[in-house]
Amino acid sequence: RTCAAERVDLPIYAALLAAVRQLGARRGASLFSTLYATFACVIARLSGQSDLVVGVPSAGQGLADVGGLVGHCVRLLPIRNAIDPQRPFGEQLESVSREVMDAFAHGECSYGTVLRELRLPRDPSRPPLVSVLFNLDSAIRDGTLGPGGPAMSVATVARRFEIFELFLNVTQRDAGLLRECQYNAALFDRATVARWLRLFREALVRAVRDPEVTVSRMVEAPDEARARIAGFPAPHAAYARTARVD
């Protein structure tokens, strides 16, 4: 297992963002849930799996009643998703949105606690349970620091190392959204990740045009991707239960 990482950035412009907000609102889903559900559908289609876990980072200061604490305090929420390729995306969105709200309602249950309770067999070559993450950052606008203060602009720094295999972080900007996708450089290359991000955008466009489109039609994996998926090992392969990290 290696942790060397790179990042691909691609935008989503304001017109599509406004349409995605409206799509979610009609289904009682937040912008976060709408983007998260679309991302989960893309991962499900690319991996050929209908039962998958996508992790979400969540701020932990509020749970511990320490809102004034200066610190990262991020909790990882593993959210299990059942993705049916033949289900209309609107219905899939409602289902995923309920799972997301349930996960945040039980955010005090830590990732470590979940792992202890599940007693999953460990594989030292990959993170346990969660290998893909999604996050939507709060909007931070360019501007000035106070009346008459210095001008300020916001930029994120790409990490050189990443624990997880794929991490899509979406930031809200004045012109729309910026998708920042960190990836394990030993597993994926830049062209592949960029293609997946374009697939994500195309899925949003199709869902906006027709919320009743099935997941399989909304996320149409390219022929090349389907050929590669067909050659992958079975997702339920048995792992060595004696493997340990010393």
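**From the surface inwards**

The protein chain shows an accessible surface of about 13,700 Å², and carbon and sulfur atoms own 55% of that. Those areas come from the Shrake-Rupley method with a 1.4 Å probe, and for residues only the protein chains shown count as cover. Keep in mind that this is a predicted model, where local features need pLDDT of at least 70, side-chain atom pairs count only at pLDDT 80 or more, and totals for chains, interfaces and linings use all residues. Residues are numbered from 1 along each chain as its sequence is written, and side-chain values use heavy atoms, with hydrogens and water left out.

Of the chain's 246 residues, 41% are buried; buried means under 20% relative accessible area, exposed over 50%, and partly exposed in between (1.4 Å probe, protein chains only). As for secondary structure, you'll find seven helices and eight strands, taken as DSSP runs (H or I, at least four residues, for helices; E, at least two, for strands) and numbered from the N terminus. Look at contacts (heavy atoms within 4.5 Å): among those with a separation of 6 or more, 70% join residues 24 or more positions apart.

Now zoom in on the loop between helix 4 (111–118) and strand 4 (132–136), where Arg119 sits. Arg119 isn't a glycine, yet its phi is positive, at about 50°. It counts as exposed, because its relative accessibility is 71%.

Leu129 lies in the loop between helix 4 and strand 4 as well. Leu129 is another non-glycine with a positive phi, about 70°. Its relative accessibility is 29%, so Leu129 counts as partly exposed.
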